[in-house]
Amino acid sequence: KPLRVAPLFETLDDLNGAAATMDQLFSIPAYIGSLEGRKQEVMIGYSDSAKDAGRLAATWAQYEKQLELVEVAKKHSVDMTFFHGKGGTVGRGGNPNTFNGIVEHAPGTVNGQFRVTEQGEMINQNFGYADRAERTLDIYTAAVLAEQHTDRPLPNQEWKDVMDKLSEISCEAYRKIVRGDERFVPYFRAATPELELSKLNIGSRPAKRKASGGVESLRAIPWIFAWTQTRLNLPTWLGVGEAINQVLASEDEQTLRQMYNEWGSFRTTIDLVEMILSKSDSSIARHYEDVLVSDPAAVDLGSEIRKIHDGTEQAIKDLTGHKILAENDHLLLQLMAVRNPYVDCLNVLQAETLKRLRANENSDEEQVLNDALLTTITGVANGMGNTG
């Protein structure tokens, strides 16, 4: 019996070409005839598309292209199921509110069928105990059923045009830093524990697809994880603030505000960015830079990035009308008030441990320092929760 083929679309270019690719594939008689029950799975990659284009551009491409793929499937009378290649973290497509995350998928793309990856620590978190696994499956089942009976508007052309503008601005701003600035890779490697993560054997796969190379060769998990450790969470918000500010300063301001108030999928995206920003702390990231970054050019870039971070916070508050980030999430604010003093200490210890490790490679202290680093990594990850 032949294995099922599930095409994967994971970069921005992949997603933009997905509908044409599947239309061409379904036009091959031998292929369409081999589909058992005319059923087709298509995998949407959330982690790598966000790493490639930034959170906002990737989210819009995933939403829009799934709608296009649904129309291609209808054209060829194929029953299409989307396989969502998400991680547990927001930067990799996750949503701590599983129910809302499913219900806010593009209308007509779930239809009672939902497949998603569960990876790493999320397996234990969601399925590690019998009662927890039952509760998780209850939520998935309820959400998939509710999605079929929840009336959600498709974005009108005006909203689509604004989303195209937001996507273009945010992607350009994201890539300008991550891909276009020659200072970025040295800054990233100096200011975060990225290099050390690959030596600690705490992942299920190698940190990089290739032993050499820059950010493009780095897997999405260590890419997100390294920024989480420094409390900057850069991949989740970079580019978002610039896009929101430009649109709010244009003739589309009221349309953007209407989208946030009336379009659940867009509001969910903005609220997730707001939640991550509420957990971020640019002063902690500044401490890592002070301790670990010596290259003046990289120091300058760090200062620029922190200014962008603070500007993004203001943009989110302007759009949401909130005076403080996540002001409606009282439980989160209480949790952070308790956790942050402990996590702050772990961050200070981690920065010092990284400094000593880099100064004492191949010394007698290296193993002890690696153990200390792993302890701080575990503590920060647990303290930050769903951003790791």
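**Exercise 1.** Which residues in α5 meet which residues in α16?

*Solution.* The model is a predicted one, in which local features need pLDDT of at least 70 and side-chain atom pairs count only at pLDDT 80 or more, whereas totals for chains, interfaces and linings use all residues. Residues are numbered from 1 along each chain as its sequence is written, and side-chain values use heavy atoms, with hydrogens and water left out.

With contact taken as heavy atoms within 4.5 Å, and helices as DSSP runs of H or I with at least four residues, numbered from the N terminus, R55, L56, T59 and Y63 of α5 meet S265, T269, L272 and V273 of α16. The residues of this contact divide into four nonpolar, three polar and one charged, where Ala, Val, Leu, Ile, Met, Phe, Trp, Tyr, Cys and Pro count as nonpolar, Asp, Glu, Lys and Arg as charged, and the others, Gly among them, as polar.

**Exercise 2.** Describe how the axes of α5 and α16 are arranged.

*Solution.* The axes, which are lines fitted to C-alpha atoms over the stretch in contact, with angles running from 0 to 180 degrees between N-to-C directions, come within 11 Å and cross at roughly 155° for α5 (residues 55-75) and α16 (residues 264-279). The two helices are therefore roughly antiparallel to each other, a term for angles over 145 degrees.

**Exercise 3.** Is S278 buried or exposed?

*Solution.* S278 is found in helix α16. Because its relative accessibility is 13%, S278 counts as buried, which requires under 20% relative accessible area with a 1.4 Å probe and protein chains only. Leaving aside neighbours within four places in sequence, S278 is in contact with L325, A326, L332 and M336.

Terms used:
Angles under 35 degrees count as roughly parallel, over 145 as roughly antiparallel, 65 to 115 as roughly perpendicular and the rest as oblique. Buried means under 20% relative accessible area, exposed over 50%, partly exposed in between (1.4 Å probe, protein chains only).
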